[in-house]
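Hi everyone, thanks for coming. Let me put the structure up on the screen, and then I'll walk you through it.

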Amino acid sequence: MSEQEKNENKKNVISVGLDIGTMNIVCSRSDNNSINITRNVFLKIDKDNISINQLSNISYIKSDEDEIFIIGNDAFDFANLFNKEVSRPMERGLISPKEISAIDVLTIMIKNIIGDIKDKEVYVSYSIPAESVDEERSVIYHQNVFARILKSIGVNYSAVNEAMAIVYSECANEKYSGIGVSFGAGMMNCCVSLKGIEALKFSTARSGDWIDQQVAKDLDMVKNRVTSIKEKYMKLTGSVDVTNKKTKRVLEALFYYYKALIDYTVKKIIKEFNEKVDVELTDPIPIVISGGTSTPDGFVDLFKSILSNYELPFEVSEVRASKNSLTTVANGLLIKTIADSKRI
Amino acid sequence: MIKLKVIQKGIFLEIPGIKPIRTPAEVDITNIDITLVLSYLRKNGINRYQIISEDEKTKIKEIITETDIKKKTKYDSDIDKKINNLESMMTKLLELQQAKSKLDLEQIPKRFNQLETKVNNNISKEKIKKPEIEELDLSFIPEIDLSTMEVKGTTTHNVINQENEDLEDKADLLSRLINNSEE
């Protein structure tokens, strides 16, 4: 094959990293530098309640039966306008059984965010969580739903653990030996990687939503209100920059439960490592933290502080945050897809 | 002279060697084999009889009461049953042993071949079954039909631009590491 033919073949092969999260769907492609992000929500509205003008600047799906589904970011705006709740295809990290009938809408959302694939050979690595160690929830169904979605779109697909994708994105300097920890909304995912091979992976049901639920219960508040305060004011540096007493009390409670979450996670990492990893690690490895729940200032320092209270079965070279908690997983998935294409 | 005296009424005696006669009767059985007579009497359920011999050397068989006969016959029949059962068990056992002894070295490879064929048939059946199970799993996922749906309007997802210069290098390194570990 000539160089020209090789180049042409290369142009026709597209690698894609697709991070399917509870809050966001993030997609990165090998043929451009932009990463697409959309909210993983949609809103079904009655066509009689909306005019063509209102729909002109938003993304929506129209069915033969004249059903209208507003998808992505705009769904929230219109939900407020119509005083309705948005529909969430995923719940606590996995496909929601309540919304599985909307699989067509989810398929179109994913097809939309992947973009143009006409006349191209497309390979997609998509993120999946690991099996939970503290809750009876299987990921097999979730994995198979997205396999079916990607198959219907017409792409080649492969499932990759979400925390492992963090290692692919952030641990090239350590030759892909490291621990990836993703603190999402519904789940915490953890993966231990040794030279690019998964040595251990697991998830827990305690993460961002758990913190909000516990605080809401303790302070007899609505969970959404706690989430709103957390996103607006939360810092884990020890200082609280608000004067309102009620808000201050919420932030103090949140701080307590953040510590409880990190403590629980560290204990689980030690336990699972001792029970399931036979290999002895001779070299120190980094711990890389990502996910929306880890975004407040001071999270990584708090993690280091709690970690120092325990004797670990491995040596830690450093604890650091990922470069961009929103795009790290999609980036890592893209690297894996390209690496796999080189091995074929 | 030996006489047979049958007291039981209403029986038509047809002992070989003697003229048929209806009971109660008294017949001369001197010239007839005594075991034959006894066998006949037993076979026909005649249990009230007397055999009288004028010869002193011959013993007299007394008339036995019904209850004694019943007990005795019951006892006899039980023993007979058990002996018969034992005989049949012994016969079966002997037959089995004979059958086993017939299994010589030439038959063993035959049996192995039969077993192998059976196992292969089962494996091929299993292979056929597996795809059905996989299809059942996927049937829990609803079918996707995009033919009735159309995306309209403006795409409004957020776009982040970032440099991907070192993506290829990272992917190269990962690919090499995974290949090395597989070797």
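Let's start with how each chain is connected up. In chain B, take the contacts between residues at least 6 apart in sequence: 45% of them join residues at least 24 apart. By contact I mean heavy atoms within 4.5 Å. For chain A, with contacts picked in that way, 68% join residues at least 24 apart.

Before I go on, some ground rules. This is a predicted model, where local features need pLDDT of at least 70, side-chain atom pairs count only at pLDDT 80 or more, and totals for chains, interfaces and linings use all residues. Residues are numbered from 1 along each chain as its sequence is written, chains are lettered from A and ligands numbered from 1 in the order in which they are written, and side-chain values use heavy atoms, with hydrogens and water left out.

So how confident is the predictor? The complex gets an ipTM of 0.82 and a pTM of 0.70. Then there's pLDDT, the predictor's confidence in each residue, from 0 to 100. Chain B has a mean pLDDT of 72, with 63% of its residues at 70 or more. Residues 59-67 of chain B fall below 50, though that stretch still has 14 contacts in the model beyond near neighbours in sequence. Residues 126-137 of chain B are also under 50, and there the model has 0 contacts beyond four places in sequence. Where pLDDT is low, the predicted coordinates should not be read in detail.

Next, the overall make-up. Helices (H or I, at least four residues) and strands (E, at least two) are DSSP runs, numbered from the N terminus. Chain A has 11 helices and 15 strands, while chain B has 4 helices and 7 strands. If you trace chain B along its sequence, the order is β-β-β-β-α-β-α-α-β-β-α.

How much of each chain is buried? Buried means under 20% relative accessible area, exposed means over 50%, and partly exposed is in between, using a 1.4 Å probe and protein chains only. In chain A, buried residues are 54% of the 344 residues; in chain B, they are 19% of the 183.

Now the inside of chain A. A nonpolar core is a set of buried Ala, Val, Leu, Ile, Met, Phe, Trp, Tyr and Cys residues joined through side-chain atoms within 4.5 Å. The largest one has 43 residues, and A:Val181 and A:Phe303 have the most contacts inside it. Several elements of chain A supply at least two residues each, including β11 (178-183), α9 (245-276) and α10 (299-307). The largest share of this core, 12 residues, is from α9(A).

What does A:Phe303 touch, leaving aside neighbours within four places in sequence? Its contacts are A:Phe183, A:Ile262, A:Val266, A:Ile287, A:Ile289 and A:Val319. Another core, of 36 residues, lies apart from the largest one, and A:Ile20, A:Phe42, A:Phe146 and A:Ala147 are among its members.

Have a look at A:Leu307 too, in helix α10 of chain A. It counts as buried because its relative accessibility is 10%. Beyond four places in sequence, A:Leu307 touches A:Val266, A:Ile287, A:Leu312, A:Val316 and A:Val319.

Over in helix α11 (residues 328-343) of chain A sits A:Thr337. At 5% relative accessibility, A:Thr337 is buried as well. Not counting residues up to four places away, A:Thr337 meets A:Ser15, A:Val16, A:Tyr123, A:Val124 and A:Ser125.

My last stop is A:Lys175, in the loop between α6 (162-170) and β11 of chain A. A:Lys175 and A:Gly196 are 21 residues apart along the chain, and their C-alpha atoms are separated by 7.3 Å.
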